[in-house]
Amino acid sequence: MSSLRTLLYGLLGVVTVTSVLAAQQPLDTIGPIEKQSNPITPENPIPRRSYSIAPVYPADARGIDGTATVTLVATLDATGRVVEIRKARDPLVMSPAVPAPTPTALRVAAEGFVREAAGALSRWQYDPPARAPISFSVSFLFKPGLETVSTQTTTTGGNLSSGSLPAPPAAPGGPNQPIRVGGQIKAPSLVKKVEPVYPQIAQSARVSGVVIGEVTVGADGRVTEVKILRSVPLLDQAAIDAVRQWEYTPTLLNGAPTPVIMTVTVAFTLPPTAQ
């Protein structure tokens, strides 16, 4: 009996180690567990993180004093373990070294940043989600001589490259269903605009750019849903938080207020002191 128990514990340990090692190898495309992910909603939020460690600065980047932001998509199972990790995009490595590092040195540094970020993320633990699995983005800011800083957002970015946009879905039909702005359906007028709060981590990383979102505007002119189409990982959540407070004039269809779907842009420009 004791031999059987020992064998079972040994097999369980192998499975656990295998899962951790698999999670440390980030995927380049959406994995099988992430495909089954449930949406993150107020009823199914990102759970509280109960344990985490910061990634170490990789030795591969020390020779060029590289700085980089690594964005990974974490997928949690019903116990809150990180069971799948996907690389959202290749990290952009910046270096003050003179002469400029070779492409090979930059590539090796980038691989080191991703490796250390994924290795740390695979060991994080969360409270059990309300509905598992769920997926969300975690960004790590690496700077030489400083502890790595991390942020997490509800966006996952799909398999989009930083410069591509997905084809818009067909406009839904039926009563009280939102219609897409275009053609004879004019975009409503913006009557209340809240400017986004520029995240300090993004300013420190000198990250700027334009976040493009798809919003659903309710019949009353209030924004009810925001989806990211073009992502800037460190800026996405700030853009979402601002756009959710925007208000528009109601769109009328045959004299009746109707919800609409449209795209919006939120630009982030570094202040002069941060440039």
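Q: What makes the pair Asp-28 and Lys-87 a salt bridge?
A: The closest N and O atoms of Asp-28 and Lys-87 are 3.6 Å apart. The cut-off asks for a Lys or Arg side-chain nitrogen within 4 Å of a carboxyl oxygen of Asp or Glu, so the pair qualifies. Keep in mind that this is a predicted model.

Q: Which parts of the chain does this pair link?
A: Asp-28 lies in the loop between helix H1 (2–24) and strand S1 (49–51), while Lys-87 belongs to strand S3 (residues 82–87). The two residues are 59 residues apart, and the pair is described as linking distant parts of the chain.

Q: Why is Asp-28 called exposed?
A: Its relative accessibility is 57%. Exposed means over 50%, so Asp-28 gets that label.

Q: How many salt bridges does a search of the whole structure find?
A: The search finds 13. Another of them joins the side chains of Arg-107 and Glu-111, with N to O at 3.1 Å. That value is within 4 Å, so this pair also passes.

Q: How do you know that Arg-107 and Glu-111 are separated by about one helical turn?
A: They are four residues apart in helix H2 (residues 103–121). An α-helix has 3.6 residues a turn, so residues three or four places apart point the same way.

Q: Are Arg-107 and Glu-111 buried or exposed, or something in between?
A: Arg-107 has a relative accessible area of 44%, and Glu-111 has 44% relative accessibility. Buried is under 20% and exposed is over 50%, so both count as partly exposed. Elsewhere in H2 there are buried residues, including Ala-110, Phe-113 and Val-114.

Q: What is the reach of H2, and what is expected of it?
A: H2 has 19 residues and reaches 27 Å from its first C-alpha to its last, close to the 27 Å expected at 1.5 Å a residue.

Q: What makes Arg-222 and Asp-220 a salt bridge?
A: Their closest N and O atoms are 3.8 Å apart, which is within 4 Å, so the label holds.

Q: Why are S2 and S3 said to pair?
A: Five bridges join strand S2 (residues 67–76) to S3. At least two are needed, so the strands pair. They run antiparallel, and Ala-74 has Ile-85 as its bridge partner in S3. S2 and S3 form a hairpin with five residues between them, and Gly-80 in the turn has a positive phi of about 90°. S3 itself is mostly covered, with five of its six residues buried.

Q: What makes S8 an edge strand?
A: The open sheet has the order S8-S15-S10-S11, with mixed pairing. Strand S8 (179–180) pairs on one side only, as does strand S11 (223–230). Two bridges join S8 to strand S15 (residues 260–268), running parallel, and Ile-179 is the bridge partner of Val-260.

Q: Why is Leu-253 called partly exposed, and which residues does it touch?
A: Leu-253, in strand S13 (residues 251–253), has a relative accessible area of 33%. Leaving out residues up to four places away in sequence, Leu-253 touches Ile-179, Ile-185 and Thr-258. Leu-253 and Ile-179 are 74 residues apart in sequence and 9.7 Å apart, C-alpha to C-alpha.

Conventions: Residues numbered from 1 in each chain as written. Predicted model: local features only at pLDDT ≥ 70, side-chain atom pairs only at ≥ 80, totals over all residues. Heavy atoms only, no water. Buried < 20%, exposed > 50% of the residue type's maximum accessible area, 1.4 Å probe, protein only. Contact = heavy atoms within 4.5 Å. Expected span 1.5 Å × (residues − 1).
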